[in-house]
Amino acid sequence: MYLLLCFYFQQLFLLIFLFTLNRNSLANKFATLMETITWLPLMFLILCSVRGEFLPNTDAHLMNCMESDQEALIDFKNGLHDPANRLSSWKGSNCCHWRGISCENTTGAVIAVDLRNPRPTGYDDESLARYGFWNLSGEIKPSLTKLKSLRHLDLSFNTFNDNPIPDFFGSLKNLQYLNLSHAGFSGAIPVNLGNLSSLQYLDVSSDEIWGESSLFVDNLEWLTGLVSLKHLVINEVNLSMVGSDWIRQLNKLPSLTELHLQNCRLSGSISPPTLLNLTSLVVLDLSYNQFDPKALDWLVNISSLVTLDISNSGLGGRIPLGLSELPNLEFLYLGYNGLSASCDQLLGGRWEKIQVLDLKENNLHGKLPASIGNLTFLSHLDLSSNSVDGGIPSSIGKLCNLISLGMFNNYINETLPKFLEGTEICLSRRPFPILQSFVLSDNYLVGNLPEWLGHLENLVELDLSSNYLNGQIPDSFGSLQNFSGRPLPRLQSLDLSDNHLVGNLPEWLGQLENLVELHLSYNSLNGSIPASFGSLQNLSRGPLPNLQLLYLSDNQLVGKLPEWLAQLENLLELDLSNNSLYGPIPTSFGILQQNLTVLRLGENELNGTLPESLGQLSELRIFDVSSNQLTGIVTEAHFLKLKKLSDLDLSSNSFTLDVKSDWVPPFQVSSLAMSSCHLGPSFPTWLKSQKQVDYLAFSNAGISGSIPYWFWEFSYSLSHMNLSFNQLAGQLPSPLEFGSQPRLSAYLFGVVVDLSSNNFSGSVPIPSGSFYLLDLSSNKLSGNIPNKWNLTVGTFAFLSIANNQLNGEIPAWIGNIVPGAEVIDLSNNSLIGSIPSSIVNCSDLSVLDISNNHLSGTIPTFLGQLSGLKTLHLNDNKLYGQLPSSFQNLSGLETLNLGNNKLYGRIPPWIGNGFESLRILSLRSNSFSGELPALLSNLSSLQVLDLAENQLTGSIPASFGNFKAMLQAQIINRYLLYGAAPIYQNAVTRKHPDSYVGTMEFGNYYESFIVNMKGQLLRYTKTLSLVTMLDLSGNNLSGALPIEMTNLLGLIVLNLSRNHFTGHIPESISKLKQLSSLDLSSNKFSGAIPQSLGSLSFLGYLNLSNNELSGPIPDKDQMLTFNASSFAGNIGLCGGPLAVKCSGDDNNGKLDKGRTTLRDAGNGDGFIDKWFYLSIGLGFAAGILVPYLIMAMRKSWSIAYFDVVDKAVDRILHLWLKYRTTKQRTRGHQRRR
C-alpha cells in the first residue's frame, strides 16, 4: 500500500510537470515550473519518508508484536511522565499498532521506538501544530535493552530533567539510529556508546543553559568503535577537554559522511593526520568554535565535501583559494570570521557547483570581478559587512538561479549597472527570474535606480537603504510589462531610506498589493502623499491591503494627511514625522483602532486640534505629534482607550491639558513628553499614578510653585527628567537622589536631570546616584558648591550650575568626582580662588566655561593636558600672567576666550600653528603688547578674531588678508553645540528606532560670543557660525591699512578704531560686500572717502569720525543713510550731512547732490531761478541809476533811499535762503527713503 502510494504520487508529479510545459507559453514556463517543483517534491518527501509517523504501519497488520517486547515497552512507559497523555495508544495486545512503534514484518519484533517531540518548546513551525504538545520526562528504564531487535531509537526534544544518558544504551547492539538530541540530558556522554558497532546515525546534541553546555565529553576515543557510523551530530556538547587530537579520532571513521560539531568549544589549531581517511565526508559543520587561522588549510584536500560550515569561529587569516577548486562543493559558510581575501582572486576561482556562498562579516576587499557571472549555479551570495568596493559588474545578469544577494555594509561606490549582461540565457529572458532578496544597504552607491529593478517578478525584499542614490523613484516601474501585469508583484519589503532621492512618490507604489513594509525615510522626497493611492483600481480589498509598516519620515513631503491612510486595515506602524505636512489630523485615523501600534506625526506643520477619535486606538504603543502647530484643549477623552500606550509625546505644541484633579490615566507609559504644553499652574497630580515612567519631559509647561514631596519619591526611578523653563520655586532636596542606572550604550550610562531656568533657591543639592547629566543653571541657588557628592558608577558627561549666585571656591576634588565629564559650566557666578588642578582628570572634557566669576591667579599650565578640549572660556575674571605654552597641546580647540582679564606679554606666535579648528579667538581687554604675529593668518578656520583693548603696536601684517574662513561668506548655519546631548543622541538613536528616545531639549552647551557690532555689544549664539569679525580696536597699531585686508570678502564686522592708522582708505574696500559694521574712527586716515563705499548695501553702521579725511562725502546709495556723527572730527570733510560746505560749490554749481546746495540742475525750480537772477540783474541796474539821480538832486533823500534798499534786500535774501533750504531738505529725505 505504501509503495503503491509513492508510485502514484511520482506519476502525478510527472503528469503535472508535462502539463505545465505544454500549457504555458515560453515566457512563463520557468516561473510555473519553479512553483511546481517547490511544493510537489515537498509533498512527495512527506509521504515517502515518514512512513511510521504519518501513515499507519501496514506491515504491522500482518504480524502481532512479540510478547516480551510488549512487556518491555509497558515497563518503559511506566517510568515516563506523559502530561499530555501522548502514549494513550500504548494498550492492547499488539504493540505494533502503538504510536511511535515499528515492528519487523516477519517476526513482529520491535525495531523502532520514535518518541521525539514533534513540536518542541520554542519551535513554532505551524506544520507541526496538528501533533500538539508532546513533552516526555521522567526515568528511562533499562527494560529497553530487552528489545533485542531495536534498530531505531529517537527520544529527541523531550525533557529528561538533567538525567545522564543511560549507560545501558551501549548494550543495544543492533542500533543503527540513535537520536538523543535536545532531550534534557546532562553530564558526560557514556563511553560505552562506542560498543554500538552497527550504529550509522548518532545525534547527542545538547542545549546551552546560561552559556553552559549540559553535556560534555573528555575524550573521543570511544568513537573509534562506531565503525559503521555515517552521520554524527554533537552540537553544543562541551568538547573543550578533548584537546586538539579530536580530528585524529574522527579520522578513524572512514564511512563518515556527515559531521556536526557546532559550538563545541573547540579551539586552537587543527592538526590533520598524515593520511586523511575522511574521503566520504559530504557535510562538515565546525561553526561557533574558536580555531586558529590555519584551520581551513587541510579542508581543501577533502574533495568529497558538498557542505562546509565553519562560520563564527574567529579564524582570521586568509581564505584558502583552494576551496574554489573543490569539485563537489555546493554550500560554503565562512561568515563572521574576519577572514581576508581579494575578491578578484577568490571569486575568480572555478567554483564548479557552488550554490550558496556565505562570506559575510569578513575582510574581503577589492572589486567584484566580471567572472562572478560564471557562477551559474549560484543561488545565495552573501558578502555583507566586508570591504568590497567599486561597483556591481553587469555580468551578474548571468546568475539566472540567484535567489538571494546580500552585500550590505560594504564600500560599493559606483552606480548600479544600467544594463545586465547575459539575461538572454535565462529561460524567461528577464534578469534574475527567481531572485527573492536583493540587499545592498549601507554602501556608497550613487546614481539613479536602474530600470531592470522593475522587472524582478519574484522579488520579495529590496533594500538599498543608507546609500547615496539620487534622482527620482522611476515612474517607469509602474508601466513595465511582466508575468502578472503588475509592478513587482511579489514585493513585500521595499527599503530605499537614507538616500538622496527626490521627486514625488510614484503612483505605482499604491499597486503593490503584497507590500508589507515600505521604508522611504531620510530622503528629499517632495510633493504630497498621493490621494490616488486610495482610489486605485483592481485592488482586491482597500489600498495596500497587506501594508503593516509605512515609514516616510524625514523628507520634504507637503500637503494634508490623506484620508485613505485610515483604510490601511493591516497597518501597524505609521511614521510621517519631520516633513512639512499641514492641515488637521483626520478624525478617521481613529478607525485604525484594531492594529495600529505606532503613530509618529511629529515635526510637521499640522494644525487644528487633536481629534478625540485618536483615543480609540486601543493597540497604540507609541504616539508622537510633537513639534507641530496643534492647539486646543486635550481632555481625558483623548486617552480613553489608550491602555497599551508606552510612549507619549505631545511636546512643542500649544495644547492645554484639561483633566480632573483626580484623573487616573488608563495607560502606564514609560516615556512622557509634554514640553511646551500648558500643564500648570500647579504641578500635575495625575502623574502620581504613573508607576513605569522612565523618561519625563515637562519643560516650559507653565508649572509654578514648589514641587510636591511625592514627586521626589516618584522620580527616584527616572532615567530622564526635564523640568526646565518653568517657574518652579523652593529648595531642591538634598541629596538629589536617583536610583536608576540606565545604560545609553556600551560605554554611556547614568541619569539625565535638567532643572535649569527655574526659580529654585537655597544651596546646591548634593547629587546622589549615577548621573549622566545635571543641569541646575539659571536659578537662584546660592552658597558654596558642596564639598561631598555621593556619586556611584556612571558617565557624568555634563555639569552646569551656571547663572546662579554661587560663591566660594571651585572644589578641589571636582575633577576626581566627574572624571568622564564632557562639559563643565560654572560661568556667571561669583566664584573666587584659582582653577583646581584636579580638572586634568577630566580627560574627555570638551567644554570648560568658568567665565564671569572672580577667579584669580595665573592660567595654570596643566590645562594644556586637556587635549580633547574644544571650547575654553576663562574670560571676565581676574587672571593675570602670560599665556602658558602648554596651550600648544590643545590642537582641537574651536573657541578660546580669555578676554577681560589682566593677562600681559606678547601674543605668542605658536597660536598660529596647529589650531586648525579654531573658530573664535578673543584676547580683548587685557594688557598684551608687542606686534601682531603674522602667523595668526595660518588659523584656517578662524572666523572671529578679537584683540581689542590691549597695548599692541606695529602695523597689521599683510598676511591678515589670508584668513581662509573669512575669504568668503559663511552661508551654512551650524549650531555650535557641545556636550551630552549630541553624544547621547549618537549613542541611543537609530534611523528606524524600535524604542522612543525623546526630544533632546537638554544637555546642550551652546557656544556664544559677544560681538562689538554697530557700536553696541551683541551676544550671538544660534547664528554665531555665520559671524566673521576682525576687531583690533583700542590698541596702538599704526601704519597703513594693508590692501590685502580687502580680500576678506566674508567679513561682516571690521573694527580698527582707536589706533594710529594712517594713509588712505583703500578704494577696494568696496569688495567687502558682506560688511555690516565698519569702524575706522579715532585714527589718522587721510585722503578722500572712497566713492565705492556706497555700494556696500549691507553696511548698517559706519564710523569714520576723528580722522584726517578730506574732500566731499560721497552722496549716493548707502552713504546717504549715515548721519553727521559718522564723519565728525574730520576737518577736511565737507558736504552733507555735515554743515560744512565744500569749497568751489558756487563756481561749479555742485555742492553735495542730495543735500543742501545753491543749485540743483535736476530740479523743476530752475526756471524760477533764472527769472530770479534776471530780476536781480535789472534791479541792480536800476539800483545804480536811480540812486545816482536822487543823490545828485538832494543828499537827505539819498540817505533815506539807501536805508530802504538795505532793509528790502536783507528781507528778500532771508526769504530766498529759507525757501531753498526747505526744498533741499525735502528732496534729501525722499532720496533716503
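The model is a predicted one, in which local features need pLDDT of at least 70 and side-chain atom pairs count only at pLDDT 80 or more, while totals for chains, interfaces and linings use all residues. Residues are numbered from 1 along each chain as its sequence is written, and side-chain values use heavy atoms, with hydrogens and water left out.

Gly 1087 takes us to the pairing of strand 78, residues 1084-1087, with strand 80, residues 1108-1112, which is in the parallel sense and rests on two bridges. Two strands are said to pair if DSSP finds at least two bridges between them; the strands (E, at least two residues) and helices (H or I, at least four) are DSSP runs, numbered from the N terminus. On to strand 81, residues 1132-1134, which runs parallel to strand 80 and is joined to it by three bridges. In strand 81, Gly 1132 is the bridge partner of Ser 1110.

Stepping back, the protein has 12 helices and 81 strands. Of its 1233 residues, 53% count as buried, where buried means under 20% relative accessible area, exposed means over 50% and partly exposed lies in between, with a 1.4 Å probe and protein chains only. If we take contacts, meaning heavy atoms within 4.5 Å, between residues at least 6 apart in sequence, then 61% of them join residues at least 24 apart.

One stretch carries a record. An unreviewed UniProt entry annotates residues 67-103 as "domain: Leucine-rich repeat-containing N-terminal plant-type"; the positions are given in the numbering used here, feature names are shortened, and annotations may be inferred rather than shown by experiment. Over residues 67-103 the chain is 32% helix and 14% strand, with the end C-alpha atoms 12 Å apart.

On a 1 Å grid over the protein atoms alone, a cavity is a set of points where a 1.4 Å probe fits but cannot get out, whereas a pocket is an open set with protein on both sides within 12 Å along at least five of seven lines, and lining residues have an atom within 4 Å of a point. Grid points are joined across faces, edges and corners, and a volume is the space filled by probe spheres set on the points.

The largest pocket holds about 1000 Å³ of space. Its lining has 46 residues, of which Asn 803, Tyr 1006, Ser 1008, Arg 1019 and Thr 1021 are the closest to its centre. Two or more lining residues come from each of strand 55 (798-800), strand 70 (1005-1006), strand 71 (1009-1013) and strand 72 (1016-1020), and strand 71 gives the largest share, four residues. By class, this lining has 11 nonpolar, 24 polar and 11 charged residues, where Ala, Val, Leu, Ile, Met, Phe, Trp, Tyr, Cys and Pro count as nonpolar, Asp, Glu, Lys and Arg as charged, and the others, Gly among them, as polar.

There are four cavities of 30 Å³ or more, and the largest cavity contains about 50 Å³. Which classes of residue line the largest cavity? The lining divides into 10 nonpolar, no polar and no charged residues, including Leu 505, Ile 529, Phe 533 and Trp 564.

Let me finish with backbone geometry. In general, most peptide bonds are trans, and most residues other than glycine have a negative phi. Ser 734 and Pro 735 are joined by a cis peptide bond, with omega about 10°, and Pro 735 sits in the loop between strand 47 (727-731) and strand 48 (736-737). Ile 766 and Ser 734 are 32 residues apart in sequence, yet 5.4 Å apart in space, C-alpha to C-alpha. With a relative accessible area of 29%, Ile 766 is partly exposed.

A cis peptide bond also joins Gly 680 and Pro 681, with omega about 10°. As for phi, His 182 has a positive value of about 50° although it is not a glycine, and Asn 828, also not a glycine, has a positive phi of about 55°. Asn 828 lies in the loop between strand 57 (823-825) and strand 58 (832-833), and at 31% relative accessibility it counts as partly exposed.
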